[in-house]
Amino acid sequence: MPRKLFTDLRLAAMTPGSPAARGGMAVGVEAGRIALVAPQAMLPAEWQLAETEDLGGRLMTPALIDCHTHLVFGGHRANEFRMRLEGASYEEIARAGGGIVSTMKATRAMSEDELVVAALPRLDALIAEGVATVEIKSGYGLTVADELKMLRAARALGRQRRVRVVTSFLAAHAVPPEYKGRTEAYLGEVVLPGMEAGHADGLIDAVDGFCEGIAFSPAQIGRVFDHARKLGLPVKLHAEQLSNLGGARLAASCGALSADHLEHLDEAGARAMAAAGTVAVLLPGAYYFLRERQAPPVAALRAAGTRIAIATDCNPGSSPLSSPLLAMNMACTLFGLTPEESLAGVTREAAAALGLSAEIGTIEPGKRAELAVWDVEDPAELSYRIGFNPLHRRIIEA
């Protein structure tokens, strides 16, 4: 495979301590991996004859990573949007039979192929804004067969588009109506055997759960995580979104890749996550759409040294957002992140949240050549603009 050299670019490599952007740079690719990062004026002799593409001074970053989505689902919940505008809370809607259970019914009614067709426009929206890796969760089937159907649909999406799909098994998302009042039975009859079946079929990259008063207790999540670790599967957790049940500390104690949402996280939870290397995934789309008033404790996360990622949380009920660029803007305007933190949150830190730091998320020799080229001068423009997509192209070298 011939070498390929990209020249005349401004580089935001996103390696720790690297400058926000450095002009006059060149990036060389060989066999699908980054092989050279150097000032254009100092190219090694062996790269002088490489196939070259001049990028005209554009900005190059790692391709974006959406590390928390529920991209595969049936139906919509616009009716709940109306209810929320009239004053109903997320919890009130869920307890009235809406929320996750509403999407469960629509998802169960669809075939695997129908779920793929429905999800493709959402995936295409992410790709159009520079995403090359997307995490997709199950969690709307809530039977073994329907959870596996969702995971197969997610894998199919990765075959239909040039994008890396990472799957998370989220059967511990809600208790379906047929198990009302029998949560432990649901765990034993659906969640744990579903995890085993999905793992045996190669459908699960990580195991997730929802630790909340309307979902599962820390003890119940602990049971799920113990089973995941027996199977050798990494874990992550929806934690501290609506209340503080100590889910983030539980996730950290289990060596979780990430704990996500975190609006009600306390300082002890932030310190535990930092010590464990558990990434804080902030989801400003859900905060905005649900009109929450308590933002994640960004200052405490910074003080603790917790890594911070950003994601869309694309889902039908609490974050119908399919724009990572808007998520970056929201992270700055609503949560107070800097543009530099926001960009790191959808590249380097998002890779860590998926356990993929060795492969993607920064531009340095040895990493996969998954790159994005932007028609901007300053990386801060990616967070600054609203409703404008400056992507010039994705570069994915196999």
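Let's start with a sheet. Six strands form an open sheet in the order S3-S2-S1-S4-S13-S14, and the pairing is mixed. This is a predicted model: local features need pLDDT of at least 70, side-chain atom pairs count only at pLDDT 80 or more, and totals for chains, interfaces and linings use all residues. Residues are numbered from 1 along each chain as its sequence is written, and side-chain values use heavy atoms, with hydrogens and water left out.

Two terms before I go on. Helices (H or I, at least four residues) and strands (E, at least two) are DSSP runs, numbered from the N terminus. Two strands pair if DSSP finds at least two bridges between them.

The edges are strand S3, 33-39, and strand S14, 391-396. Each has a single partner strand, so one side of each is left without a neighbour in the sheet. Neighbouring strands here are turned by 40 degrees against each other on average, direction ignored. For angles, axes are lines fitted to C-alpha atoms, for helices over the stretch in contact, and values run from 0 to 180 degrees between N-to-C directions.

Now strand S1, residues 4-11. Is S1 largely enclosed or left open? Six of its eight residues are buried, so S1 is largely enclosed by the rest of the structure. Buried means under 20% relative accessible area, exposed means over 50%, and partly exposed is in between, with a 1.4 Å probe and protein chains only.

S1 has pairings with S4 and S2. With strand S4, residues 51-62, S1 runs parallel, over seven bridges. Leu9 stands opposite Arg58 in S4. With strand S2, residues 22-30, the sense is antiparallel, over five bridges. There, Phe6 has Val27 of S2 as its bridge partner.

Look at S13 next, residues 370-374. S13 pairs with S14 in the antiparallel sense, again with five bridges. Trp374 is opposite Leu391 in S14.

Eight strands, open, all in number order: S5-S6-S7-S8-S9-S10-S11-S12, with parallel pairing. S5 and strand S12, 308-310, are the edge strands, and each pairs on one side only. The twist averages 25 degrees from one strand to the next.

S6 and strand S7, residues 164-172, run parallel and are joined by five bridges. Ile136 has Thr167 in S7 as its bridge partner. Helix H6, residues 183-200, lies across S7 and strand S8, 206-211. H6 runs at about 160 degrees to S7. Contact here means heavy atoms within 4.5 Å.

Lys236 sits in strand S9, residues 236-239. Buried or exposed? Lys236 is buried, at a relative accessible area of 1%.

The search uses a 1 Å grid over the protein atoms alone. A cavity is a set of points where a 1.4 Å probe fits but cannot get out. A pocket is an open set with protein on both sides within 12 Å along at least five of seven lines. Lining residues have an atom within 4 Å of a point. Points are joined across faces, edges and corners, and a volume is the space filled by probe spheres set on the points.

The largest pocket holds about 540 Å³. It has 21 lining residues, and the closest to its centre are Ala94, Arg95, Val101, Val175 and Ile214. Helix H2, 90-95, and helix H3, 100-108, are the elements that give two or more residues to that lining. H2 gives the most, with three. By class, the pocket lining has twelve nonpolar, seven polar and two charged residues. For the classes, Ala, Val, Leu, Ile, Met, Phe, Trp, Tyr, Cys and Pro count as nonpolar, Asp, Glu, Lys and Arg as charged, and the others, Gly among them, as polar.

How many cavities of 30 Å³ or more are there? Two. The largest cavity has a volume of about 120 Å³. Of its 14 lining residues, His70, Tyr90, His173, Asn315 and Ser318 are the closest to its centre. That lining has four nonpolar, eight polar and two charged residues.

The second largest cavity has about 30 Å³ of space. Its lining is Ala63, Leu64, Ile65, Ala132, Thr133, Ile360, Gly361 and Glu370. Strand S5, 64-66, and strand S6, 131-137, are the elements giving two or more of these residues. The classes here are five nonpolar, two polar and one charged.
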